[in-house]
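Colleague: I am new to this one. Could you take me through it in short steps?

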Amino acid sequence: MAKAKIDDKMPQPDMTPMIDCIFQLLIFFMCSIKFKVIEGKLLSWLPKDKGSQNIPPPKLTEEVAVRVTFDEKEKKLHYYLINREFPNVDDLIKEVKGALELKKASGEKDAAVKLGPARNVPMQPIIALLDACKLNNIDKVEFQLLDESGLKAQKK
Amino acid sequence: MAKLNVDQVEPSSFDMTPMIDCVFQLLIFFMLATDMSQKELEALIPPKAKFAEEVKSDKVSTRLVANIVHEGLDKISCEAWQEMTMLDNSGRRDEILKNPFRCLKPEHWLIRIRKVNFKTPKDLVLRLKEEADLEREKDRIGNVYPSKRVIMIRADFRAPFAMVEAVMRACGDPQVAMYKLEFGAMMPQPGQD
């Protein structure tokens with residue numbers, strides 16, 4: 001009787017479908033990849049007890065009120081602390097820091113900077129201002145939104 | 001001379017193992033490097049801030065992000081933005097930076113939360129109220145229970161403050177009362193100033 005031949009070779013699994021799948025996945029991830037960008041955050045607050053509704057224009061002598069405006073024709077930013085204009089953020093922040101220290105010395109421990117940018121100011125200078133506050137350890141920066149009368153005054 | 005028996009010659013095959021190793025390495029790299037968590041972040045250029053705090057990845061899933069982006073040029077006509085897009089596409093970023101704030105018309109900018117546009121203050125207030133109601137403080141201040149939720153305002157660096165103000169006004173609405181804000185900012189990349 002003829003003996004059955006035994007194939008002594010190792011069975012080879014067919015790798016093709018797996019490689020196909022892996023390549024598909026690879027191509028998917030290569031096409032959809034969007035590398036992580038380091039993004040950060042800067043903290044701020046709205047007045048907790050007042051809301052943003054109908055706040056009259058600030059009484060400028062009582063608060064450390066910072067105003068930023070943008071002249072669209074000249075493409076120039078204007079920085080004000082109370083009614084005094086400052087040529088740049090650094091000078092403004094020095095003055096703000098001094099004003100806050102005076103407030104704290106007079107017993108107002110929770111004195112905060114009230115920031116009121118005009119509506120046409122782009123975000124970059126506002127964030128730069130918050131960044132400068134952070135650099136100078138000014139932690140309390142609140143945004144102050146103007147009511148209709150304030151907005152009209154701002155337009156003028 | 002003995003003839004070579006063709007039947008006995010095995011078909012030549014090359015070793016696939018190194019290639020499969022490399023492909024697996026690449027696959028693992030791309031799987032780890034792909035960031036799937038940023039669905040709620042729109043494609044925009046945030047303002048630069050040197051001293052911004054890094055956003056912790058464990059808080060990514062719970063945060064509420066209001067993106068402020070320019071409306072697409074397929075929807076509106078904006079010459080200023082078109083010019084800027086053209087400069088960007090042709091790699092002339094220096095020219096953009098000379099005069100980046102070209103479109104400051106609030107009607108050209110959108111507030112987008114999780115891929116949804118909010119065009120009216122009322123819609124925005126309703127959306128933020130849903131979010132604010134998830135976590136309220138126990139103590140009442142005035143007539144409202146302020147929300148503990150934090151909102152991140154992630155605006156393009158060229159967006160006008162008017163759009164941010166609209167989000168802030170919605171946050172300050174008594175129904176919402178979200179007073180903790182964060183501003184999305186781009187931290188300097190390693191090696192940059």
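**Where the two chains meet**

Modeller: Start with the interface of this predicted model. The rule finds residue pairs in polar contact across the interface of chain B and chain A, both residues at pLDDT 80 or more. The number of such pairs is 11.

Colleague: Which element of chain B gives the most to the side that touches chain A?

Modeller: The elements of chain B giving two or more residues to that side are α1 (17-33), β1 (53-54), β5 (147-155), α5 (161-172) and β6 (178-186). With 10 residues, the element that gives the most is α1(B).

Colleague: How do the residues on that side of chain B divide?

Modeller: In chain B, 62 residues are in contact with 53 residues of chain A. The side of chain B that touches chain A divides into 15 charged, 6 polar and 41 nonpolar residues.

Colleague: What area is buried between the chains?

Modeller: The size of an interface is often given as the accessible area lost when the parts come together. Carbon and sulfur atoms give 67% of the area buried between chain B and chain A. That buried area is about 5300 Å².

Colleague: Which residue of chain B forms a salt bridge with A:Lys134?

Modeller: The rule finds 2 salt bridges across the interface of chain B and chain A. In the one formed by A:Lys134, the closest N and O atoms are 3.1 Å apart. The cut-off is 4 Å, so this pair counts. The partner of A:Lys134 is B:Glu53.

Colleague: Which residue is the bridge partner of A:Gly40 in β1(B)?

Modeller: Strand β1 of chain A, residues 39-45, pairs with β1(B) in the antiparallel sense. The pairing runs over 2 bridges. In β1(B), the bridge partner of A:Gly40 is B:Glu54.

Colleague: What pattern does chain A follow along the sequence?

Modeller: Chain A has 4 helices and 6 strands. Of its 156 residues, 42% count as buried. Read along the sequence, the pattern of chain A is α-β-β-β-β-α-β-α-β-α.

Colleague: Where is B:Arg114 found?

Modeller: Most residues other than glycine have a negative phi. B:Arg114 is not a glycine, yet has a positive phi of about 45 degrees. B:Arg114 lies in the loop between β3 (109-113) and β4 (116-117) of chain B.

How values were computed:
Residues numbered from 1 in each chain as written. Chains lettered and ligands numbered in written order. Predicted model: local features only at pLDDT ≥ 70, side-chain atom pairs only at ≥ 80, totals over all residues. Heavy atoms only, no water. Contact = heavy atoms within 4.5 Å. Buried area = accessible area lost by both parts, 1.4 Å probe. Salt bridge = Lys/Arg side-chain N within 4 Å of Asp/Glu carboxyl O. Polar contact = N/O pair within 3.5 Å; in protein donor to acceptor, adjacent residues only side chain to side chain. Nonpolar A, V, L, I, M, F, W, Y, C, P; charged D, E, K, R; others polar. Pairing = 2+ DSSP bridges. Buried < 20%, exposed > 50% of the residue type's maximum accessible area, 1.4 Å probe, protein only.
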